[in-house]
Amino acid sequence: MSDVPVLRTEDLGKRYGSTWALRDCSLEIPAGSITALLGPNGAGKTTLLQLAVGLSRATTGQLEVLGLSPWADQETLLPRVGFVAQERPLHRSFTIAETLKLGRVLNTTWDDDLAVSRIESLGLRLSQTVGKLSGGQQAQVALTLALAKRPDLLLLDEPVASLDPLARREFLGTVMEAVAETGMGVILSSHIVADLERVCDHLVILSHARPLLVGPLDELVACHRLLIGPRTDPATVARVHAVIHESHTDRQSSLMVRANGHVYDTCWEQHEVGLEDVVLAYLGQRHGPAERVLEEAVR
Amino acid sequence: MIEFHVETRSGVPTYLQIVQQVRRAVRLGVLRPGDQLPTVKDVVAGLAINPNTVLKAYRELDLEGVTEGRRGIGTFVREHVDALPQQDVKQLRTSLQKWVAHARAAGLDDEMIGALFADIVRPTTISSVAS
């Protein structure tokens, strides 16, 4: 695999009318990484993915996917990118065979053997009608269409949100198996943190149309701490560490910090945190001090 | 061949859980020298985890000398790894089973049995320091 980042943006923005769906978005996602795009509804996740496949055009800034422009280099880029949109757009009245035929006709690169063997390994028959399949099976068919292009990058917009836990596991298992075989990069948006923790190695948190936190997942989680101590003004801590979220009772303060090295002050009881704690701390906090810090962190 | 189990909420990093499961399987003789570990592809398909997590675990096991990665073929348990002597394991297991039955008969529940066991195994606990 090459070292060209799968996604690189600079001051990327997309405005619909007077509303910014995405803005001030500068980030880089390295080759071969599996990236979680996290954030509440309306945060800009779908907008970013649609820009990446050229379904819409940026209002401001730069965007490169696999080193190419999704708008200017469409013909060379799109055969290399697999995309499964949020609603898994499949023709419900088609059989699986007809669905695969459509994929074969519409794509310049298409591995029919791969598509057929995937369908068989899912225990499905080519004669089955798509509309009669379960949600999990439909998701797998949509994924098969994307994988049969043998893409270098796979984009999945909320692929598992509507699936039950078992179907989610099977779907993500299929994606990971394909990654193990090909080394392709994956960017998937979701808000089910537990699934992402198992699967992803990179993280992008979006909120209010802006990226809040970007980087390797392990490092990001490791540098955050929960500090619990006597009621204090967080300003002292904030001189050294970035305070992401704070809550206070009359006797006690709890601070979620992005630690800048060690926390030496012994009045704080320090706790390690998980991905979910980190995500909630960032999303629970909108216009506080974190926003400034985060913008620095993003750069 | 063994199958891995992963608990994301346990606080133990996923790669380490795989390392521990292989080590344990080797010590208990479930995996023997020359046995092949599941391929990365099979592990990630079953568990829906990142392939790099499995690669990291297998690299760690290689470094520890428990396994040996053969390029393009797979990862295998090394010859001469320290498995516990099978006869001893069997005897210890039987006597421990008897002990557990004894403890249950005495009214200890699983949590108490676990606590008592941990207390004996770990030398830093208060009771062993006191005694």
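Good morning. I begin with helix 5 of chain A, residues 135-147, which lies across strand 5 and strand 6 of chain A and runs at about 165 degrees to strand 5 of chain A. Please bear in mind throughout that this is a predicted model.

Helix 1 of chain A, residues 45-52, also lies across strands of that chain, namely strand 3 (34-38), strand 6, strand 7 and strand 8 (202-207). The angle of helix 1 to strand 6 of chain A is about 145 degrees.

In chain A, six strands form an open sheet in the order 5-6-7-3-8-9, and the pairing is mixed. Strand 5 (81-84) and strand 9 (210-216) of chain A are the edges, each pairing on one side only. Direction ignored, neighbouring strands of this sheet are turned by 15 degrees against each other on average.

Within the sheet, consider strand 6 (residues 153-157) and strand 7 (residues 185-190) of chain A, which are paired in the parallel sense over five bridges. Opposite A:Leu153 stands A:Gly185, in strand 7 of chain A.

I turn now to the interface. Here, 16 residues of chain A are in contact with twelve residues of chain B. On the chain A side, helix 6 (165-182) and helix 7 (193-199) are the elements giving two or more residues. Helix 6 of chain A supplies the largest share, nine residues.

Finally, chain B is divided into domain 1 (8-77) and domain 2 (86-130). The centres of these two domains of chain B, taken over C-alpha atoms, are separated by 29 Å. Thank you.

Terms used. Residues are numbered from 1 along each chain as its sequence is written. Chains are lettered from A and ligands numbered from 1 in the order in which they are written. This is a predicted model: local features need pLDDT of at least 70, side-chain atom pairs count only at pLDDT 80 or more; totals for chains, interfaces and linings use all residues. Two residues are in contact if their C-beta atoms, placed from the backbone, lie within 7 Å. Helices (H or I, at least four residues) and strands (E, at least two) are DSSP runs, numbered from the N terminus. Domain bounds come from an automatic or database domain assignment. Two strands pair if DSSP finds at least two bridges between them. Axes are lines fitted to C-alpha atoms, for helices over the stretch in contact, and angles run from 0 to 180 degrees between N-to-C directions.
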